[in-house]
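Take a walk through this chain, one contact at a time. Keep the sequence and the 3D view open side by side.

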Amino acid sequence: FSLISQGNLSTAEEELLRIKEEAKEEEQNWQYYLLLEVSIEIHRNNISEQLLETLHKALRLTKPRLDYSELRHELLTIREANILSIIVVLYFKLDRVVEAIKLGEELMKSLAAHKSGLHEYQIIKINIALNLAQCLEKEGRYGEALYYACKAEEISFTTTQHILLPEIQFIKAKIYHLKGEDELCISILKAVVPYMELIKKRHATTQK
């Protein structure tokens, strides 16, 4: 995952191919392999229905009878929750927005029932809330979109997982603008833009 997040997609792909046959020997390893394979294609913006089928296949390895409409009663591993979170993203990118919303809301309920303090689950919850905000905003359901944007912000603050806060703030600003509340939109942007400029400067200094 680190190679993918850093944008080293070719190296990540080479590493995956190197361990492919070994990964097939154990269900959970093969599940992880398929998740990484799809993640590479998403980072390349190669979005397709085939990627969805690959993720469904990956989930069936450990949850062969999983009902996406009843996730609130399922105990999900971090990997299974990650796969479902990426399915939400793919639904959105494939313009299957209603399906994305339904699955995202079920997944949020499932993770809320976990009551786990593990930071991996918290990061997944932040991502799902953020994706739900964007899905609902696209559907014109601005009140609900703002609720999930604020939910993502709340989880970020309470768990000290701050990496997505700038993106959360930009989405909140956009929703406020669409709701006609430009004063709130501008106040958020005034706070976020200088921070983003600072991060860019630090990044540039690090690269030197």
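**Helices and salt bridges**

Glu-183 sits in helix 10, residues 182-207. Helices (H or I, at least four residues) are DSSP runs, numbered from the N terminus. The model is predicted, so local features need pLDDT of at least 70, side-chain atom pairs count only at pLDDT 80 or more, and totals for chains, interfaces and linings use all residues. Residues are numbered from 1 along each chain as its sequence is written, and side-chain values use heavy atoms, with hydrogens and water left out.

Is Glu-183 buried or exposed? Glu-183 is exposed, at a relative accessible area of 72%. The cut-offs are these: buried is under 20% relative accessible area, exposed is over 50%, and partly exposed lies in between (1.4 Å probe, protein chains only). Glu-183 and Leu-17 are 166 residues apart along the chain. Their C-alpha atoms are separated by 52 Å.

Now turn to the charged pairs. Side chains of opposite charge can pair when their charged atoms come close. A salt bridge here is a side-chain nitrogen of Lys or Arg within 4 Å of a carboxyl oxygen of Asp or Glu. By this rule the count is 14 salt bridges.

Start with Arg-44 and Glu-13. Their side chains meet in a salt bridge, 3.2 Å from N to O. Arg-44 lies in the loop between helix 3 (27-43) and helix 4 (49-60), and Glu-13 lies in helix 2 (residues 9-23), so the pair ties together parts that are 31 residues apart in sequence. Both ends are partly exposed: Arg-44 has a relative accessible area of 29%, and Glu-13 has 31%.

Next comes Glu-106 with Arg-72. In this salt bridge the closest N and O atoms are 2.3 Å apart. The pair links distant parts of the chain, 34 residues apart: Glu-106 is in helix 6 (residues 97-114), and Arg-72 is in the loop between helix 4 and helix 5 (78-93). Glu-106 is buried, at 8% relative accessibility. Arg-72 is partly exposed, at 35%.

A further salt bridge joins Asp-95 and Lys-138, 2.8 Å from N to O. This pair also links distant parts of the chain, 43 residues apart. Asp-95 is in the loop between helix 5 and helix 6, and Lys-138 is in helix 7 (residues 119-138). Asp-95 is exposed at 57% relative accessibility, whereas Lys-138 is partly exposed at 43%. Elsewhere, salt bridges that share partners join Glu-13, Glu-41 and Arg-44 into one network.

Stay with helix 7. Its 20 residues reach 29 Å from the first C-alpha to the last, close to the 28 Å expected at 1.5 Å a residue. The expected span is 1.5 Å times one less than the number of residues. Helix 7 is mostly covered, with 14 of its 20 residues buried. Just after helix 7, Gly-140 takes a positive phi of about 80°.

Finish with helix 3 and helix 5. They pack at an angle of about 30°, with their axes 11 Å apart. Axes are lines fitted to C-alpha atoms, for helices over the stretch in contact, and angles run from 0 to 180 degrees between N-to-C directions. Helix 3 and helix 5 are therefore roughly parallel to each other, a term for angles under 35 degrees. Residues that meet across this pair include Tyr-32, Leu-35 and Ile-42 in helix 3, and Ile-83, Ile-86 and Leu-90 in helix 5. Contact means heavy atoms within 4.5 Å.

Methods. Helices (H or I, at least four residues) and strands (E, at least two) are DSSP runs, numbered from the N terminus. Angles under 35 degrees count as roughly parallel, over 145 as roughly antiparallel, 65 to 115 as roughly perpendicular and the rest as oblique.
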